[in-house]
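This briefing covers selected local features of one chain. Please keep the sequence and the structure in view while reading.

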Amino acid sequence: MEGVLDFSKDFDVSLLDRVVTTLYSGSGGQEQQLAQQVLTQFQESPEAWTRVPDIIVQSSNSQTKYIGLQILQKLINTRWKTLPTEQRHGVRNFVVSTIVRIASDEAGMRRERTFINKLNLALIQILKQEWPHDWPGFIPELVESSRTNISLCENNMVILKLLSEEVFDYSTDQMTQAKTNALKIQFNEEFQGIFLLCTEILTEATKTSLIRATLETLLRFLNWIPLNYLFETNVIDLLLNRFLEMADFRNLTLKCLAEVANLSVGPEHDPKFVVLFTHVIASIVRLIPPSTDIPAAYEQAADDGQQFILGVALFLANFLQKHLAVVETEETREVLLGAHAYLVKISRVEEREIFKICVEYWLKLVASLYEDSRGFPLGSGKALVESSTLQLSLDKAAIRLRTYAGILSELRLVVISKMAKPEEVLVVENDEGEMVREFVQESDTIALYKSMRELLVYLTHLDVGETESVLSAKLLKQIDGSEWSWNNLNTLCWAIGSISGTMDEKTESVFFVHVVKNLLGLSEIQRGKDNKVVVASNIMYIVGQYPRYLKNHWRFMKTVVHKLFEFMHEKHQGVQDMACDTFIKIAQKCRRQFVIGHSDEREPFVYEILRLLPQSTVDLSPQQVHTFYEAVGYMITAEADTDRRAELMRSLMSLPTQAWSSLLAQASVDADILKKPETLQILINILRSYVSACTSIGPMFTPQLGEIYEDMMGVYKALSLFIVETVAREGEIASKTPRIRYARTVKKEALKLVGTFVRRHADQEFIKTWIVPAFLEAVLPDYNRSPAVTRDPEVLNALEIFVTRLEGRITPEVPAILDGVFEVTLDMIKLDFVEYPEHRVYFFKLLQSINEHCFLALHSLPGPQFKLFMSSVGWAIKHTQRDVAETGLDISNGLLTNFAASDPSIAKPFYEQFFLNMLQDVFFVLTDADHKSGFKAQSALLCKMVELVETSALGGAVLGKDVYTNNDAFVRQFIVDVFVSAFPHTSRAYLNVFVSDLFLYYHDQGRFKQALRDFLIQLKEFAGDNSELYLDEKEAELQKKALADREAALRVPGMLKPSQIQDDDDDL
């Protein structure tokens, strides 16, 4: 076997075939292991590519040929530019000749389809390196060869399709911006020959596979093709007249026409689009008669038929989104309405991807109709179009609305019947037909619900009366049983909950009461647990969406809350969860109503809730009880009277406080009681109740925390000692036992309670004086002495909260904090990037906060400790865990900023000792493919460092003392040397240009990042998916879009959910 590794002798292809056969067909053992070893060494040899021609031509084993192609691909991707010109041309010519040889024989091409596809891909990679500067005749040669052989022509179409995809679809993160632009220009300049070839084939060819290949290639061209090729030639006529109604080509043709329809062009091309639209609709009518039940036809159709319906949806949606105004004329009115009728029918098809395409268009249509109708008084759509007082300027809008009135009526029914599940609904039907609690929600369903909700909001505004009438009629059919089903009731109620805020307050009040009363009645008449669960979950969802009505109708809200308390006793986790979730939503949005007096009531309702709290929560799980406590906490914050608020808090916390006092009283007699699992579980629930209440009550929770704070820190110390002693005695395995796990959970909840309180409290002096001393005394020694397996990451999180909240006030305590947690945590995480993930995140967040708020304490650290601190920051940067790496980069950037603003006597030694190491670290992660997602922070840090050098802001530090006195020249040369050492194939000339660009563009973040991206994409060792290099722009674009969407939603009543709208109660 080892003979294949001897490159000094003639190559024995049959021997390599035997090695490959042994590897893939062997039965294990040493011979197969040896084959694996030999094959790996062969593929990694720098001379392996010289054997590729012999492998491809002579091998009789397809696996061997594929291995040869892998070697060739690696050569092209990583070493192409290092090859002499003659060798590059030799490889290029071999690939081309092999493709021509196989593709010219139709039988051979069919037989070796997979192999020639891989060869085509290899050719594309060569073209990206060679064309056009070193291979200017490629396109003319390919076009000319296509006319010599039909099967070769078919494969050439595939090559052109792949090249178009590489240049126009995938180039952004695979090639430099300059290279991409050059290829696009060249493709456009040489496109005439390609286009003539395509039209010749489409006009004259009869071979089905060739026509299909040409249509697929044309499809890839259509999103960038110069418009004159479309509108000044007969290509669209060919598609319409020759291929659209032919079964073999209609799906591809429809895709091409959908691409054309999606083009945004000037009005001079409108007549062509009118012809296109009318012709396509006429063909659709012939292929799918208007009387066709499209949903049923789709279910019964084969894949080809289903794809055609998808194509129709895509064409209609694309055309109507881009060119609706062009066909909104009297001449095309019937065709336009027919197209919309088809789209309504297609919207009923039970295929989510098709439905999403339809929804996208429907949203645009109804939004435009709503914008047009904003001059009308909101109300009935019929009133809008019949009113004699309409201004002349609104006539066009009235006509549009009247035109689409029938379509919109059909659309309302479709949307209501197919309404997606809101994320607030927790009860779903499983595959066995049972109603169960849903724990993981599909992001796709949430996104679809958002779109459908927007659509239904617009439809309601366009005709409130009809929407209300449709919903009420469908609700009555649920009650009389004519349309009763879980799915029908769910979609109906999800639709009702989605239009909250779209009606005027009076109309909404009548509608809401009607709906809830009917649902309560339905709950009474339904039999069977699951039926009642479905009704209950829908009642809770709807009442949670109408806080405006509840807030203004106290008695009704009180009835609803009592009903929620009933649902809390329902032995179904999903119903109980929804009852608690709905309760907390009402408490947040209507909190004042619970603490004020109402007529004919002797006390505010909150007193009754607190009095009946034990009975209300008896059937709830601990987690649900904590939600209940948080909800009541929101009510208490609305109480303005200090004494009454204190009374309410005491009442709310009476049960946890009594349980706490009882346990501590028992512990004072027998300390070992705190070590019992059952006691620890009680402590956990007590503290979680405190955390829940503190979360909603905030800084006003001070008296309640004060009652237990000192004892809680004492319990923390006692449990810490218990854990340390137990692990020391029984070994680390003890940390897995229930009692130790419970003890640690008690400590974690104590830390969470303190952190929650400090985060909400505004008085820094109070926190520093009253909270910090006891906390640090209990926590720091325990963390420092505890075994690694029992150190709680929540300690680091709580300390970060303290530093962030107290800012400079906690500076004197920072040395003690670092002494307690720094080195022991670093010892836990410095051996790899995986163990103790939570410790890593919180540890570096703590360091970041210290650097930001307590820099004075940081740079005052002793030299060895500060050096260790800098090493930890470098370690953070190299993490593949994105949040940790970005925290490390942010710390580095903050350090540079802080030292730049410091006295030169402080800054100078820092820069001289650490600047070059930081520079190496940032280049390490920049050029490591596993760190692509951190490009934004990496480039920002590098830009900052270049700026400091270029503006001589290094506090007088001299970085290249032995060689250079000029930091600028030294750093430039240092960067070049770093890259030459890491990437020896990269030329110094190219690196010098790259470094010059960095120093030229440091003041322009956009151009600086682009120079970096282009350099990284050029590095073949960095090859692969480079889309994450553009993550910054993508995230900024998403953020900008989200802000624009919210601003637009604020202009449409009901478009934002009640939970997304801040009201007076939220400010409490």
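Which residues does Ser735 touch, not counting residues up to four places away in sequence? Ser735 touches Ile740, Arg741, Val789 and Thr790. The model is predicted, and the points below are grouped by topic.

**The loop residue Ser735**

- Ser735 sits in the loop that runs between helix H38 (702-730) and helix H39 (738-760).
- Ser735 has a relative accessibility of 7%, and because buried means under 20%, Ser735 counts as buried.
- Thr790, one of the residues that Ser735 touches, is 55 residues away along the chain, yet the two C-alpha atoms are separated by 6.7 Å.

**Packing of H16 against H18**

- Helix H16 (residues 270-287) packs with helix H18 (residues 303-327) at an angle of about 150 degrees, and their axes are 11 Å apart.
- The crossing of these two helices, H16 and H18, is left-handed.
- On the H16 side, the contact is made by Asp270, Phe273, Val274, Leu276, Phe277, Val280, Ile281, Ile284 and Leu287.
- On the H18 side, the contact is made by Phe308, Val312, Phe315, Leu316, Phe319, Leu320, His323, Val326 and Val327.
- By residue class, the contact of H16 with H18 has 16 nonpolar residues, 1 polar and 1 charged.

- Helix H48 (residues 935-950) has 16 residues, which at 1.5 Å a residue should span 22 Å; the C-alpha atoms at its ends are 22 Å apart, so the two values agree.
- Of the 16 residues in H48, 12 are buried, and the helix is mostly covered.
- The buried residues of H48 are Phe935, Ala937, Gln938, Ser939, Leu941, Leu942, Cys943, Lys944, Met945, Val946, Leu948 and Val949.
- Their cover includes helix H46 (882-900), helix H47 (904-926), helix H49 (967-982), helix H50 (988-1000) and helix H51 (1005-1018).

**Salt bridges**

- Side chains of opposite charge can pair when their charged atoms come close.
- The count for this model comes to 53 salt bridges.
- Arg220 and Glu165 form a salt bridge in which the closest N and O atoms are 2.7 Å apart.
- Arg220 belongs to helix H12 (residues 208-221) and Glu165 to helix H9 (residues 150-169), so this pair ties together parts that are 55 residues apart in sequence.
- Within this pair, Arg220 is partly exposed, with a relative accessible area of 26%, whereas Glu165 counts as buried at 11% relative accessibility.
- Asp444 forms a salt bridge with Lys356, with 2.9 Å between the closest N and O atoms.
- That pair links distant parts of the chain, 88 residues apart: Asp444 is in helix H23 (residues 443-462) and Lys356 in helix H20 (residues 352-372).
- Asp444 counts as partly exposed at 28% relative accessibility, and Lys356 is partly exposed with a relative accessible area of 28%.
- Arg840 and Asp832 meet through their side chains in a salt bridge of 2.8 Å, N to O.
- Arg840 counts as buried at 0% relative accessibility, while Asp832 counts as partly exposed at 27%.

Technical notes
Residues are numbered from 1 along each chain as its sequence is written. This is a predicted model: local features need pLDDT of at least 70, side-chain atom pairs count only at pLDDT 80 or more; totals for chains, interfaces and linings use all residues. Side-chain values use heavy atoms; hydrogens and water are left out. Axes are lines fitted to C-alpha atoms, for helices over the stretch in contact, and angles run from 0 to 180 degrees between N-to-C directions. Helices (H or I, at least four residues) and strands (E, at least two) are DSSP runs, numbered from the N terminus. A crossing is left-handed if the near helix is turned anticlockwise from the far one by less than a right angle, and right-handed if clockwise. Contact means heavy atoms within 4.5 Å. Ala, Val, Leu, Ile, Met, Phe, Trp, Tyr, Cys and Pro count as nonpolar, Asp, Glu, Lys and Arg as charged, and the others, Gly among them, as polar. The expected span of a helix is 1.5 Å times one less than its number of residues. Buried means under 20% relative accessible area, exposed over 50%, partly exposed in between (1.4 Å probe, protein chains only). A salt bridge is a side-chain nitrogen of Lys or Arg within 4 Å of a carboxyl oxygen of Asp or Glu.
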